Amino acid sequence: MKNYPIVFLLFVLFSCSQPSVQNDWVVFEENTKAQWIQDGRRLPESDSLFYLDDPAPVFRKEFSPGKTIQKATLYITAAGYYTATLNAVPVGQNVLDPAWTDFSKRIYYSEYDVTSLIQTGNNCLGVSLGNGFYNPLPLQKWGHRNLRTDLTVGKPTFIAKLSITYQNGKTEEIVTDESWKYNYGPIVKNDVYLGVVYDARREIKDWNLPGFDDHSWSFAEPGMNPGGQLQKAFFPPVQVTQEITPVEISSPEAGIFIADMGVNFTGTYKIKLSGEKGDTVVFRFGERVYDDGTLNPMTTVTGQIKRKGIGGPGSPDIAWQTDSYIFKGEGEEWFSPEFTYHTYRYMEISGLKNQPEPEDITGLFFHSNVADLNSFTCSSDLLNSIQDAVERTFLANLISVQSDCPAREKFAYGGDLNATCESFIYNYDMQAFYRKTIYDWVDAMNDSTFVDTAPYTGIAYCGISWESAFLLTQYYLYLYYNDTEIVKEHYDLNKKWMDKAARLHPEGMVESGLSDHESLEPVPVKLTGTCHYLQCARIMKTFASLMGDKTNEAKYEKLADNLKTKIRAEFWDKPVLGKINRQTLFATLLYHEIVPKEEIDAARDSLLKAVNNGPSGHFNTGIFGTKYILEALSEYHSPEMVFDIVNSRNYPGWGFMIDRGATTIWETWKESDNTYSNCHPMFGSVTEWYYRWLGGIRPDPQYPGFKEFILAPSTPGGLDFVHCNYHSPYGEIVSNWQKESEGSILYEMKIPAGSTAKVMLPKDASQSVSVQKNEMNVEKGKIEGLESGRFKLGEGNYIIRVSSPGNSH
């Protein structure tokens, strides 16, 4: 964190904010001789020199353990990225390790059981070091943002300990120190944005095997400790989860080949190549191709560096994603880049004499490997395609942080998190990942301003709607997982944060920051920003109640009432004049419960009018308005209308994106082939609506963690069935339905042990309801409220049929 004053109290609070599950950090801190080590080359003294060849160092250490090993565990981390081998066998399956953090505050290490990799006699540990976000290039994003100024940066360094326990109870440690030796390998350039240059002629055969002659290698030097506390990683690592084969390889011009991977994704690739020694093959990547079939890399260009002079001294004129491979000339060669990641559907290959075959190329889709046990499918092919694109977009933006776009910026913006946190939770188990996210915010924040990203990247103009992700994410962990520990751990800091918000907005109304990003009409930040402030006040009232803090519970309730009154006076009690997105306006007021109950009908009618007046009768909302309108229109009018919009292929909408070939969700409703990302999560909030309204699975704020929950599936016309499941802390919830015949619907529900569902089914007075539980008929009188369609169900598997007269089974 740079250029911001930090009061001592916040330092104390931050230092106390350590993950409760991470006490294992003492592995490196107590009674260990492990040192940070690095190679002997110094960092360049001027920006332009960073773009010259800078070979990645490789380190080795031989050791001979005793006999009868019971267990061997490797603990390792780096400032930058590392890969590790034991006797030339890769250790673990993680890539881009360790996770991105502010390395001056905390660094996560990984723990690997390597017992099976140790052999009798001599063994060799090998480690390669990459730059990652600790040693980025000085690219001037947007012509003025330099990560070398905005991040904690330095020379890549690593620390490791191999702990061996013998069957007789004795232990031995192999640690990083100055006895390790290093040399420079074939990766001559590596950057998370611009990619890798790999010179196969520099490969060192068998360097990570025991018995290798390393007498000409240099001894490692002590590395500069980055400063962050070492903590055991407790969240899913980044791993390859899918291998993708090209659907087509074309040649739009002589010597140029385009591999179409079929879908847009984040990761790298492996490719089989052949060429003459010293020849170079160049790869470029993009989300799109031009009409003539040539690569369009422009939506993935780093920081909009698209002409000479923008990126700073030494920068390429256009900062596109690229890799290069220099042949060693020994027949068939395989290449897979390390220490970088790309976002692409199309791979351009130049420098080959012959066109590669599809089987020669494999795309490697990797991301934080969050559990994906939840699912949604339905009878609409379009909705299923949208869901597929949303899921692919979400995963493509999970590279140890939740980014807004995985190529152009790679930054973890709070506004996008606020818009999509619930959507991610509905699709994946995000508890551990979002705990890590909260610690990132703890490390990013300061006591005097709001920042936009965590880890902090120097950007601080979006305001409370972005930094409030620190608080809202805690609330969603509480709501969906009953994670009270994260709230208790940060309660004091939460109060300090609210004090800061009060200092920055002493009148209550938010006057500065970014509002409904990518709305097709203007939205004042006074509306969305102040509503986020209100949301924070309400959350803090809940947290104070959880903590038994009556004084602050009353304080935050008063603040919430005051903010609600101000918002209502500004945006409801009087006409709102001038140019404003009225869809976002009325959806926001309804979502945040600003409108008095007796006037809700008027607000609903105003929202309906705004939607009907929108382009194609569709939504024209932005990052927050879209989340709000999906919920508000469903709750106060009808999910049927929302379904008709979502299930349409007209502009603007998700179906329009799919119709235009999108396999990930765009940053904008309008199609962009130059400026805007084609892989951006914020409009993925539609998946939350799938689960909440078509599946009907909703948490009850009075019973966090799904102790009791709502099960209220909607069955709009034009949709024949829905299959939906969600894994709560109590177990799997299933909500499936199928239209059988005119007026009859069959529901399949599963309620996990220990929880209760409040079921709400659409039915009229003429319809009857029958229930089977665990394949046994249930007498109607046994379930209170059954004929009304509103009743409670406990643990079990249920078949429920709502039948019209004459259609009973």
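Modeller: Welcome! Residues are numbered from 1 along each chain as its sequence is written, and side-chain values use heavy atoms, with hydrogens and water left out. Since the model is predicted, local features need pLDDT of at least 70 and side-chain atom pairs count only at pLDDT 80 or more, while totals for chains, interfaces and linings use all residues.

Biologist: What makes a space in this structure a cavity?

Modeller: On a 1 Å grid over the protein atoms alone, a cavity is a set of points where a 1.4 Å probe fits but cannot get out. Grid points are joined across faces, edges and corners, and a volume is the space filled by probe spheres set on the points. The search of the whole structure finds 5 cavities of 30 Å³ or more.

Biologist: Which residues lie nearest the centre of the largest cavity, and what makes a residue part of its lining?

Modeller: A lining residue has an atom within 4 Å of a point. The largest cavity has 11 of them, and Thr101, Asp102, Leu151, Thr152 and Tyr456 lie nearest its centre. By class, its lining has 7 nonpolar, 2 polar and 2 charged residues.

Biologist: How do you know which class each lining residue of the second largest cavity belongs to?

Modeller: Ala, Val, Leu, Ile, Met, Phe, Trp, Tyr, Cys and Pro count as nonpolar, Asp, Glu, Lys and Arg as charged, and the others, Gly among them, as polar. The second largest cavity is lined by Asn418, Ala419, Leu472, Tyr476, His532, Gln535, Tyr591, Phe624, Lys627 and Tyr628. Helices H5 (414–427), H8 (469–481), H10 (525–547) and H14 (625–636) each give two or more residues to this lining.

Biologist: Why are H13 and H14 called oblique?

Modeller: Helices (H or I, at least four residues) and strands (E, at least two) are DSSP runs, numbered from the N terminus. Axes are lines fitted to C-alpha atoms, for helices over the stretch in contact, and angles run from 0 to 180 degrees between N-to-C directions. Angles under 35 degrees count as roughly parallel, over 145 as roughly antiparallel, 65 to 115 as roughly perpendicular and the rest as oblique. Helix H13 (residues 600–612) and H14 pack at about 125 degrees, with their axes 11 Å apart, and are therefore oblique to each other.

Biologist: And what makes H9 oblique to H10?

Modeller: Helix H9 (residues 484–504) and H10 pack at an angle of about 135 degrees, with their axes 10 Å apart. That angle makes H9 oblique to H10.

Biologist: How do you know that S2 and S12 pair?

Modeller: Two strands pair if DSSP finds at least two bridges between them. Strand S2 (residues 57–63) and strand S12 (residues 181–184) have 4 bridges in the antiparallel sense, and phenylalanine 59 has tyrosine 182 in S12 as its bridge partner. S12 and S15 pair in the antiparallel sense over 2 bridges; lysine 181 has phenylalanine 219 in S15 as its partner.

Biologist: What makes S5 and S15 edge strands?

Modeller: The open sheet of 6 strands has the order S5-S4-S7-S2-S12-S15. Strand S5 (89–90) and strand S15 (218–219) each pair on one side only.

Definitions and conventions. On a 1 Å grid over the protein atoms alone, a cavity is a set of points where a 1.4 Å probe fits but cannot get out, and a pocket is an open set with protein on both sides within 12 Å along at least five of seven lines; lining residues have an atom within 4 Å of a point.
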